[in-house]
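Here is a set of questions and answers on one structure. Look at the sequence and the structure first, then read on.

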Amino acid sequence: MKLKETENTVVLGVFLAVIGLVAALALAYISQLTAAPIAAAEQNATNQALQKVLPPFDNQPSANTITVKDPDGRDVTFYGALRDGKLVGFAGKGSNPQGYAGAIEGLVGLEADGSVRTVLITRQSETPGLGTVVCDRKEVKTIFTLFKPSDKKDGAVPANRILDQFAGRKAMESPWRVSKDGGEFEFQTGATVTSRAVTALVWSIARAFEQNRAAVEAALGGNK
Amino acid sequence: MSLLKDFTKGLWKENPVLVLVLGTCPTLAVTSSATNGLGMGLATTFVLVCSNVVISIIAGIVPKKIRIPVYIVVIATFVTIIDLLMKAYSPPELYNALGIFISLIVVNCIVLGRAEAFASKNNPVRSFLDGLGMGLGFTLTLTMTGIIREFLSTGSMFEVKVITGWTVDFLLPSSAPGAFIIVGVLLAGMNYLNLRRAVKQGKVYVPPQGMDCRHCHICDFGDKTDGRN
């Protein structure tokens with residue numbers, strides 16, 4: 001009986017198993033091959049984001065980390081930036097599940113005294129054109145500036161009306177709110193939920209730093 | 001000559017999205033910008049070409065009873081490979097934007113459809129060309145939809161502002177309902193062009209299944225098709 005017409009369950013099972021085995025071997029090989037480049041790409045993305053939110057540094061913040069809990073019990077990872085052996089700033093990475101479409105992940109750069117420096121949203125799936133207005137820091141390219149070299153200084157990030165308003169503030173006891181909820185922060189019309197989530201996210205990261213200040217500073221190498 | 005036809009039929013005559021009306025999920029979901037459409041199209045082309053070639057090679061020994069599971073395993077393998085490759089080498093913004101839809105190429109009807117309807121009955125060379133043509137036809141349609149949607153909503157193309165004064169986004173084209181409308185207009189345009197050509201050549205035009213004018217009397221195109229309405 002030909003293989004193609006067979007109805008023998010055992011033969012069919014064995015055939016499928018062999019195909020699956022071949023596929024698994026091929027995948028294992030490719031997975032091994034791409035493991036290093038994937039790790040490098042992720043590392044690269046983290047480093048680029050850290051460079052944007054931190055003051056100039058000369059250590060490896062991505063290797064100098066500590067994870068603490070924020071006021072809501074979620075994990076916040078802090079990266080410490082050192083310059084000449086002194087702590088010059090921190091970057092806190094956390095997430096808030098209350099976005100309009102799933103969790104919003106952000107990286108908040110803090111000065112050495114705990115005031116907010118730069119806010120960067122690293123992962124979100126908000127509505128294009130509404131929620132993304134709150135989250136994106138994008139340099140607008142036009143056909144006129146396409147071939148001109150950028151005159152931006154190194155380390156400067158494109159402006160964002162919502163994300164820039166947190167700069168210079170310290171997180172006190174009471175949570176930050178948008179003006180619609182009686183707070184002092186502006187929100188984006190049509191993207192109130194996203195604005196709320198981002199405001200809460202920045203506060204919880206900055207607050208996590210205030211609450212765990214001693215532990216974070218000790219672990220990341222200040223006063224050494 | 002027939003080899004050339006295997007390649008070109010996917011671009012126009014049997015365009016997977018606009019004539020076969022397959023793979024509408026990624027067409028509607030990821031074409032919010034031209035870059036996303038292009039990325040998704042090329043990823044699908046890779047899977048289509050590879051799975052078509054492998055399936056046409058093994059088709060002779062695969063038992064008929066389990067051919068679909070076997071095809072799915074082959075397709076899923078290539079989808080995982082392109083997923084890993086994109087994670088490693090493509091720009092992170094593109095990979096984040098396409099997200100889950102890369103993995104969902106597995107259930108894209110075009111891939112399984114070509115495996116079952118073409119690759120399993122033809123030799124590897126023809127299957128390769130068929131996959132390439134279908135993939136590029138898919139890519140072209142997705143990129144075109146992406147360009148139209150991106151331009152209508154933000155006035156830019158490939159993330160470059162073409163109309164500099166356009167500062168407030170127009171949301172309809174970038175949302176899913178807008179995608180439906182735009183793909184619908186493209187489908188209607190494709191039908192119209194094919195119909196006009198058929199009338200000129202004195203042939204009877206048969207629209208794609210379920211997309212004829214039997215149920216609609218808004219215009220008189222239907223009267224020219226084959227008198228079925």
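Contact means heavy atoms within 4.5 Å. The structure is a predicted model.

Q: Which residues is A:Ala112 in contact with, leaving aside its neighbours within four places in sequence?
A: A:Ala112 sits in the loop between strand 4 (102-111) and strand 5 (116-123) of chain A. With sequence neighbours within four places left aside, its contacts are A:Leu87, A:Val88, A:Gly89, A:Phe90, A:Phe209, A:Arg213 and A:Glu217.

Q: Is A:Ala112 buried or exposed, or partly exposed?
A: Buried means under 20% relative accessible area and exposed means over 50%. The relative accessible area of A:Ala112 is 31%, so this residue is partly exposed.

Q: What is the distance in space between A:Ala112 and A:Gly80, C-alpha to C-alpha?
A: In sequence, A:Ala112 and A:Gly80 are 32 residues apart. In space, C-alpha to C-alpha, A:Ala112 and A:Gly80 are apart by 9.4 Å.

Q: What span does helix 9 of chain B reach from its first C-alpha to its last?
A: Helix 9 of chain B covers residues 176-200, which is 25 residues. At 1.5 Å a residue, the expected span is 36 Å. The span in the model is close to that, at 36 Å.

Q: Which residue with a positive phi follows helix 9 of chain B?
A: The phi of the residue that follows helix 9 of chain B is near 70°. That residue is B:Gly202.

Q: How many nonpolar residues are in the contact of helix 8 of chain B with helix 9 of chain B?
A: From helix 8 of chain B come B:Met144, B:Thr145, B:Ile148, B:Arg149 and B:Leu152, and from helix 9 of chain B come B:Ala176, B:Ala179, B:Ile182, B:Val183 and B:Leu186. The residues of this contact include 1 charged and 1 polar, and the number of nonpolar residues is 8.

Q: Are helix 3 and helix 7 of chain B roughly parallel or oblique to each other?
A: The axes of helix 3 (residues 34-58) and helix 7 (residues 109-117) of chain B come within 10 Å and cross at roughly 20°. Angles under 35 degrees count as roughly parallel. Helix 3 and helix 7 of chain B are therefore roughly parallel.

Q: What is the phi of B:Glu159?
A: Most residues other than glycine have a negative phi. B:Glu159 lies in the loop between strand 1 (156-157) and strand 2 (160-161) of chain B. Although B:Glu159 is not a glycine, its phi is positive, at about 65°.

Q: Is B:Ser33 buried or exposed?
A: B:Ser33 is in the loop between helix 2 and helix 3 of chain B. Beyond its neighbours within four places in sequence, B:Ser33 is in contact with B:Gly146, B:Glu150 and B:Glu159. The relative accessibility of B:Ser33 is 9%, so this residue counts as buried.

Definitions and conventions
Residues are numbered from 1 along each chain as its sequence is written. Chains are lettered from A and ligands numbered from 1 in the order in which they are written. This is a predicted model: local features need pLDDT of at least 70, side-chain atom pairs count only at pLDDT 80 or more; totals for chains, interfaces and linings use all residues. Side-chain values use heavy atoms; hydrogens and water are left out. Helices (H or I, at least four residues) and strands (E, at least two) are DSSP runs, numbered from the N terminus. The expected span of a helix is 1.5 Å times one less than its number of residues. Ala, Val, Leu, Ile, Met, Phe, Trp, Tyr, Cys and Pro count as nonpolar, Asp, Glu, Lys and Arg as charged, and the others, Gly among them, as polar. Axes are lines fitted to C-alpha atoms, for helices over the stretch in contact, and angles run from 0 to 180 degrees between N-to-C directions. Angles under 35 degrees count as roughly parallel, over 145 as roughly antiparallel, 65 to 115 as roughly perpendicular and the rest as oblique. Buried means under 20% relative accessible area, exposed over 50%, partly exposed in between (1.4 Å probe, protein chains only).
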